[in-house]
Amino acid sequence: MSISVGELASGEQLDPLVKPPITREQLAAYADASGDHNPIHLDDAAARMAGLDSVIAHGMLSMGFLGQYVSGWMSGLPGKPHLARIKVRFSDMVRPGDVLTCKGVIKKVEAGELGTRITLDVWAENQLGKKVTGGDAEVVA
């Protein structure tokens, strides 16, 4: 579904995106893609020996989910929108088995010479409604 850029308004909520619990396969794919094969990130037993659980890779994936979320939203815009900037912050523990929901709101819509600049506030929250990752993005359409 495509939406006209002129129809966008500050305060408008974006449709949520639910991500199922992170699997071992996703953690392994993250490790392969990032080159980060630290066993604390990938192996619960190794993480527990260090007094942690495998939350670090889960947090990194939650940050990646926000990138997917913004990209998916952009695909509904007409023309060839591009991501001018995205900044994400891991803010709380993402644990194995957490179901994450990506949410967002349009903060600002500004028309300019190079196109319309849309500023988004995005976040991921766990199944308890606690924000675990936050960010903001600027899209030019």
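Which residue just after α1 takes a positive phi? That residue is G35, with a phi of about 75°.

What we have here is a predicted model, in which local features need pLDDT of at least 70 and side-chain atom pairs count only at pLDDT 80 or more, while totals for chains, interfaces and linings use all residues. Residues are numbered from 1 along each chain as its sequence is written, and side-chain values use heavy atoms, with hydrogens and water left out. Helices (H or I, at least four residues) and strands (E, at least two) are DSSP runs, numbered from the N terminus.

Let me begin with the sheet. Five strands make up an open sheet, ordered β1-β3-β4-β5-β2, with antiparallel pairing; two strands count as paired if DSSP finds at least two bridges between them. The edges are β1 (17–19) and β2 (82–90), each with a single partner strand, so one side of each has no neighbour in the sheet. From one strand to the next the twist averages 20°, where axes are lines fitted to C-alpha atoms, for helices over the stretch in contact, and angles run from 0 to 180 degrees between N-to-C directions.

Now the individual pairings. Three bridges hold β1 and β3 in the antiparallel sense, and L17 stands opposite C102 in β3. Between β3 and β4 there are eleven bridges, again antiparallel, and G104 has V122 in β4 as its bridge partner. A hairpin of two residues connects β3 to β4.

I turn to the interior. A nonpolar core is a set of buried Ala, Val, Leu, Ile, Met, Phe, Trp, Tyr and Cys residues joined through side-chain atoms within 4.5 Å. Buried means under 20% relative accessible area, exposed over 50%, and partly exposed in between, using a 1.4 Å probe and protein chains only. The largest such core has 25 residues, and W73, I118, L120 and V139 touch the most other members. Two or more residues come from each of α1 (24–34), α4 (55–74), β3 (100–112), β4 (115–125) and β5 (131–140). The most, seven, come from α4.

M63 and F90 are 27 residues apart along the chain, and their C-alpha atoms are separated by 6.8 Å.

Back to α1. Its buried residues are L27, Y30 and A31. Seen down the helix axis, these fall within an arc of 100°, so they line one face of α1; the arc is that of the directions from the helix axis to the C-beta atoms. The face turned away from the buried side carries the exposed residues E25, D32 and A33.

Finally, D136 in strand β5. Is D136 buried or exposed? D136 is buried, at a relative accessible area of 15%. Its side chain joins that of R85 through a polar contact of 2.6 Å. A polar contact is a pair of N or O atoms within 3.5 Å; within protein, one must be able to donate a hydrogen and the other to accept it, and residues adjacent in sequence count only if both atoms are side-chain atoms. Beyond four places in sequence, the contacts of D136 include R85, K87 and L120.

Methods:
Contact means heavy atoms within 4.5 Å.
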